[in-house]
Amino acid sequence: MNEKNLIVTYSQLVMPQDANVIGTLFGGQMISWMDIAASKAAHRLLKGTAADAAVTRAIDASEFKAPVHVGEWVNFESTFVSLGISSMVILVKAYAEGRHDKRRLACIAEFTMVAICRKKDGTYEKVSHGKQIV
């Protein structure tokens, strides 16, 4: 797998329960969906490794660029920025897409995820994923 060029996608439709008091996508919901998008990318990276999962360690440099309205799709594109021993930094871009307008960048953020493995006693510990960007 060439992690450098890997783009993992994920989409969500904005429903009324996802809106804030002014009728646009609630920022907390956007960040939650972006976290899922980063998790999906981490899941793909960790296939075939000793890791059981990846968890979010940090969310950095999040910036809301444009509002997203109820009824629009949000399409997430996740790419790997860097890989550590157990960690990975994933850039997630969220694009809004309405029926009548062009796709627009709505939000961008960097997520640091850490590969973990479940120990026999039921607790979790960091584990090397053994991957590198080529």
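Visitor: Which side chain does the side chain of K65 make a polar contact with?

Guide: In this predicted model, the side chain of K65 makes a polar contact with the side chain of E63, at 3.4 Å. The pair also counts as a salt bridge, with 3.4 Å from N to O. Side chains of opposite charge can pair when their charged atoms come close.

Visitor: Where is K65 found, and is K65 buried or exposed, or something in between?

Guide: K65 sits in the loop between β2 and β3, and its relative accessibility of 45% puts K65 in the partly exposed class.

Visitor: How many salt bridges does the count come to?

Guide: The count comes to 4 salt bridges. Among them is the one between R104 and E72, whose side chains meet at 2.7 Å, N to O. Because R104 lies in strand β5 (residues 104-118) and E72 in the loop between β2 (53-64) and β3, this pair ties together parts that are 32 residues apart in sequence.

Visitor: What else does the side chain of R104 meet in a salt bridge?

Guide: The side chain of R104 also meets that of D101, at 3.9 Å from N to O, and E72, D101 and R104 are accordingly linked in a network of salt bridges.

Visitor: Say I pick M34; what is M34 in contact with?

Guide: Leaving aside neighbours within four places in sequence, M34 is in contact with F76, V92, A94, C107, I108, A109 and F111.

Visitor: β5 keeps coming up, so to speak. How many of its residues are buried?

Guide: β5 is mostly covered, with 11 of its 15 residues buried.

Visitor: What does β5 pair with, starting with β4?

Guide: β4 and β5 pair in the antiparallel sense over 10 bridges, and a hairpin joins β4 to β5 through 6 residues. If you want a point of reference in that pairing, V89 has T112 of β5 as its bridge partner. β2 and β5 also run antiparallel, joined by 9 bridges, and here the bridge partner of A54 in β5 is A115. Strand β6 (residues 124-126) runs antiparallel to β5 as well, with 3 bridges joining them, and R118 has Y124 in β6 as its bridge partner.

Visitor: Which residue takes a positive phi in the hairpin of β5 and β6?

Guide: G122 does, with phi near 95 degrees, in a hairpin that has 5 residues between the strands.

Visitor: One more residue, S86: buried or exposed?

Guide: S86 counts as buried, at 12% relative accessibility, because the cut-off for buried is under 20%. S86 is found in the loop between β3 (73-83) and β4 (87-97). Apart from neighbours within four places in sequence, its contacts are M113, V114, A115, K126, V127, S128 and H129.

Visitor: Last topic, the whole chain. What pattern does the chain follow along the sequence?

Guide: The pattern is β-α-β-β-β-β-β, which goes with 1 helix and 6 strands. Along its principal axes the C-alpha trace spans about 50 × 35 × 25 Å, and of the 134 residues 36% count as buried. Among the contacts with a separation of 6 or more, residues 24 or more positions apart account for 68%.

Visitor: And how much accessible surface does the chain have?

Guide: The accessible surface comes to about 7,600 Å², of which 52% belongs to carbon and sulfur atoms.

Methods:
Residues numbered from 1 in each chain as written. Predicted model: local features only at pLDDT ≥ 70, side-chain atom pairs only at ≥ 80, totals over all residues. Heavy atoms only, no water. Helix = DSSP H or I, 4+ residues; strand = E, 2+ residues; numbered from the N terminus. Buried < 20%, exposed > 50% of the residue type's maximum accessible area, 1.4 Å probe, protein only. Contact = heavy atoms within 4.5 Å. Polar contact = N/O pair within 3.5 Å; in protein donor to acceptor, adjacent residues only side chain to side chain. Pairing = 2+ DSSP bridges. Areas by Shrake-Rupley, 256 points an atom, 1.4 Å probe, with all protein chains shown as cover.
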